Amino acid sequence: MEFIIKSKALYTTWVFYKPQRLLFDAGEGVSSELGNKIYGIEKIILTHSHVDHIAGLWGIINTRNNAMGSRNKKLEIYYPKGSTNITEYLKFIKIMNKGLRYKLETHELSLTDTIDLDNKRFLKPFKTRHTPGEVSFGYQILEKRKRLKSMYRGYPQDVIKDLIVNQKKDILEEYVANILTITGDALSIPPEFAKNCETLIHECTFFDETDRKIRNHTSLPELKKLVRATFPKRLIIYHVSSRYNRQINKVKNELRLEFPNIDIEIVHPEKVTKI
C-alpha cells in the first residue's frame, strides 16, 4: 500500500502518501479515518484553501497534541503563497492550541521553491487553474537518478561492466524522474507536469461534460486527452462527483480497455481507498 485516499467532491479530500509520510490536503474526517497513522505524518501539503481541503487540519494538530507517545517529531504544513484564507485559518488554529507540546511549522510556498524529502527526492509546486482569485498549486515528487548516456544504451551487460570497472569510462548521466504528480482541484494540467510520471493523481469531477456548469474542474474527455499526451504508468482519478457513484466501475473498465498499458484506479466518493 502506498496511498490512502478519501475524496468526495465538495465534502472532503485528502491523500496520504506513505513512502514519504506526506499528507496532500486535509479534508474533514481525515484524523478519524487515518487513526494512529496521523502521528507518522511529517509534512502536510495543501493545494488551495477551500474548506473541503483544509477543514481537517485542526483535528490533526489537536489530536497529535494529545498523543501519549514521543512528541519530538515536528509537523510541517506547506501551502501556496498568497493564500490569505489558509494563513488566517492557521493563525486561528494556533491561537486555539496555545499549549502545543510539539513543534509546528508553517511555510508559504512560491513556485520557485522546492522541499527536500530525502537525499534523492524533492517536492516541487506548479500552478493550477481552479476558481478565479484562488491561488492553487499542484505538486510533483521528483527523484534524482542516473542512467546510461544515450550512446551506450543497448550495450551488453559485460561491455557496460568493462567500461565502468576497467576502462573507468564516464558513461552515466544524471536526470530527474517524475515519481508523482498530484493536481488538487483543477482544470486539466499542462502536459509537461505529468509527462512520463510514475503515478498521476488527477481530479475528474465530471464524467459527463454537460454536467459542468462552471469551468473550474476537469471533465473525463479532458483527462483522456491529457493521458494520451503524457503516458503515465499509473493513473489515479479522484475528486469525482457523487452523482456518478453507480458509474464508477463502468467508467474504470472502459478506461482500462482504452488505456491497456496504464494501471488505472478511481477513488469512489463514498469510500476510503487504499492503493
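This is a predicted model: local features need pLDDT of at least 70, side-chain atom pairs count only at pLDDT 80 or more; totals for chains, interfaces and linings use all residues.

A residue is called buried under 20% relative accessible area, exposed over 50%, and partly exposed in between, with a 1.4 Å probe and protein chains only. Residues are numbered from 1 along each chain as its sequence is written, and side-chain values use heavy atoms, with hydrogens and water left out.

**Overall architecture**

- The chain contains seven helices and 14 strands; helices (H or I, at least four residues) and strands (E, at least two) are DSSP runs, numbered from the N terminus.
- The radius of gyration is 21 Å, which agrees with the value near 19 Å that a compact globule of 275 residues would have. This radius is taken over C-alpha atoms, and the globule rule is 2.2 Å times the number of residues to the power 0.38.
- Along its principal axes, the C-alpha trace spans about 65 × 50 × 35 Å.
- Of the 275 residues, 51% count as buried.
- The accessible surface comes to about 14,000 Å², and 49% of it belongs to carbon and sulfur atoms. Accessible areas come from the Shrake-Rupley method with a 1.4 Å probe; for residues, only the protein chains shown count as cover.
- Among contacts (heavy atoms within 4.5 Å) between residues at least 6 apart in sequence, 62% join residues at least 24 apart.

**Aromatic rings and charges**

- The structure holds seven aromatic pairs. Rings of Phe, Tyr and Trp (its six-membered ring) pair if their centres lie within 6.5 Å; planes under 30 degrees apart count as stacked, over 60 as edge-to-face and the rest as tilted.
- Phe126 and Phe193 form a stacked pair, because their ring centres are 4.3 Å apart and their planes meet at 10°.
- Phe126 belongs to strand β8 (residues 121-127) and Phe193 to the loop between β10 (172-182) and β11 (199-203), so the pair ties together parts that are 67 residues apart in sequence.
- Phe24, Phe137 and Tyr139 are linked into a cluster by ring pairs.
- The charged end of Lys8 sits over the ring of Tyr11, 4.6 Å from its centre. A charge sits over a ring if NZ of Lys or CZ of Arg is within 6 Å of the ring centre and within 35 degrees of the ring normal.
- Arg147 lies over the face of Tyr175, at 4.2 Å from the ring centre.

**Helix faces**

- In helix α3 (residues 57-65), the buried residues are Leu57, Ile60, Ile61, Arg64 and Asn65.
- Viewed down the axis of α3, these buried residues fall within an arc of 130° and so line one face of the helix. The arc is that of the directions from the helix axis to the C-beta atoms.
- Helix α7 has Ile248, Val251, Lys252 and Leu255 as its buried residues.
- These residues of α7 cover an arc of only 100° around the axis, which puts them on the same side of the helix.
- The buried residues of α7 pack against α6, β12 and β13 (263-266).
- Asn249, Lys250 and Leu257 are exposed on the face of α7 turned away from its buried side.

**Buried strand residues**

- Leu23 lies in strand β3 (residues 22-24) and is buried, with a relative accessible area of 0%.
- Beyond its neighbours within four places in sequence, Leu23 is in contact with residues including Trp14, Phe16, Leu34, Ile45 and Ile60.
- Tyr238 lies in strand β12 and is buried, with a relative accessible area of 1%.
- Leaving aside neighbours within four places in sequence, Tyr238 is in contact with residues including Ile5, Val15, Ile182, His202 and Val267.
- Tyr238 and Thr273, 35 residues apart in sequence, are 10 Å apart in space, C-alpha to C-alpha.

**Positive phi angles outside glycine**

- Phe231, in the loop between α6 (220-230) and β12 (234-238), has a positive phi of about 55° although it is not a glycine.
- Phe231 counts as exposed, at 52% relative accessibility.
- His239, in the loop between β12 and α7 (248-258), has a positive phi near 60° and is likewise a residue other than glycine.
- His239 is buried, with a relative accessible area of 1%.
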